Amino acid sequence: MSVLRWKAYLWSVAMLPGAAAFATPPAGHGAHPPIPGRQFFLQCRINTNTDPIVVREQVRIDAADAPATLDQVVAMPAPLAPIRIKEYIPRAVLDQSAAPSADGSGPCAIELSIDGVKQSMQRWLVAGDPARDRLVSYIGTWRYQTLESNAQRNDLFKLFRDELTRDPTLIINAPKQANPVTIPATPGTVSRLADTPYTVRVKEFHPHFAIDNRTKEPTNQSDKRVNPAALVVIERGEQREERWVFAKFPDYGANGDASLPLRVTLDCPQDKE
């Protein structure tokens, strides 16, 4: 069985749709280790049609030269969800890799590197795994698959033909489940995940998600799939969480916290703006 190994050390936080989030170290930070006593801040700029909204908050780090688990929540203007700062590493590396399986079995994997003006990514794609066989970004959509016969090749050509018109779906990964669950991203869809205590309900779907400048509420600008987004409700007993997931930002909103640790991603073909 192929194994994906992740070591993710976070310096800045995830980017919000329509907002730029970044840490604000002084110039030359990369040339020397953190200075003892230095303060760190998270600054998020939310662009609007009028004046931008800037949120700035100090990151609670006790020692600049020591790793720390933070779990610090930064409130955002409604209706945006809070930003959670999870971990601080003073000297970090990002390592995502796939390794040959010990017994020689498992799916094929390929490392994809994309350099673009709006977004750059480097990621391993694993064939046959709906949660890991595709990469969706600002630049485009990539999917990695392997074939064993001419019949599979013909089916793949049909998939290419329907790729830009297929219905959007949600891919749900539950802890300790080998295979993800795929459900339609249609409002009203309810799925009780088999052999788990979780229920997932699709509350809203917007092909062209945006924030209304007047009401500050989510709105849909058009029927074109420019910025597909879905609002999902996750329940386990008395626990309940609403979560926005975005096709262009597959990591934003995908993972829950320790109480509702489902990974939910939106798989939706996108139109050009």
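Colleague: Which strand is Asp 71 found in?

Modeller: Asp 71 sits in strand 5, which covers residues 68-74. This is a predicted model, so read every value as computed from that prediction.

Colleague: Is Asp 71 buried or partly exposed?

Modeller: Partly exposed, with a relative accessible area of 45%. Its phi is near 50 degrees, a positive value in a residue other than glycine.

Colleague: Where is Asp 195 found?

Modeller: In the loop between strand 14 (190-192) and strand 15. Asp 195 counts as exposed, because its relative accessibility is 84% and the cut-off is over 50%.

Colleague: Moving on to strand 15. How does it do on pLDDT?

Modeller: Strand 15 has the highest mean pLDDT among the elements of the chain, 95. The lowest mean, 29, belongs to strand 1 (residues 3-7).

Colleague: What about the stretch over residues 1-32?

Modeller: The pLDDT there is below 50. In the model that stretch has 79 contacts beyond near neighbours in sequence. For the chain, the average pLDDT is 77, and 80% of the residues score at least 70.

Colleague: Back to strand 15. Which residues does Arg 201 touch?

Modeller: Arg 201 lies in strand 15, residues 199-206. Leaving out residues up to four places away in sequence, Arg 201 touches Thr 189, Val 190, Leu 231, Val 232, Val 233 and Arg 240. The C-alpha atoms of Arg 201 and Gly 188 are separated by 6.7 Å, with the two residues 13 apart along the chain. Arg 201 is partly exposed, at 28% relative accessible area.

Colleague: How many residues are in the largest nonpolar core?

Modeller: There are 20, and those with the most contacts inside the core include Ile 172, Val 200 and Val 264. Strand 12 (169-173), strand 15, strand 18 (229-236) and strand 20 (263-267) each supply at least two of its residues. A second, separate core has 15 residues, among them Ile 61, Leu 80, Ile 85 and Tyr 88.

Colleague: And what is Ile 172 in contact with?

Modeller: Beyond neighbours within four places in sequence, its contacts include Pro 180, Val 181, Leu 193, Val 200 and Val 264.

Key. Residues numbered from 1 in each chain as written. Predicted model: local features only at pLDDT ≥ 70, side-chain atom pairs only at ≥ 80, totals over all residues. Heavy atoms only, no water. Helix = DSSP H or I, 4+ residues; strand = E, 2+ residues; numbered from the N terminus. Buried < 20%, exposed > 50% of the residue type's maximum accessible area, 1.4 Å probe, protein only. Contact = heavy atoms within 4.5 Å. Core = buried A, V, L, I, M, F, W, Y, C linked by side-chain atoms within 4.5 Å. pLDDT = per-residue confidence, 0-100.
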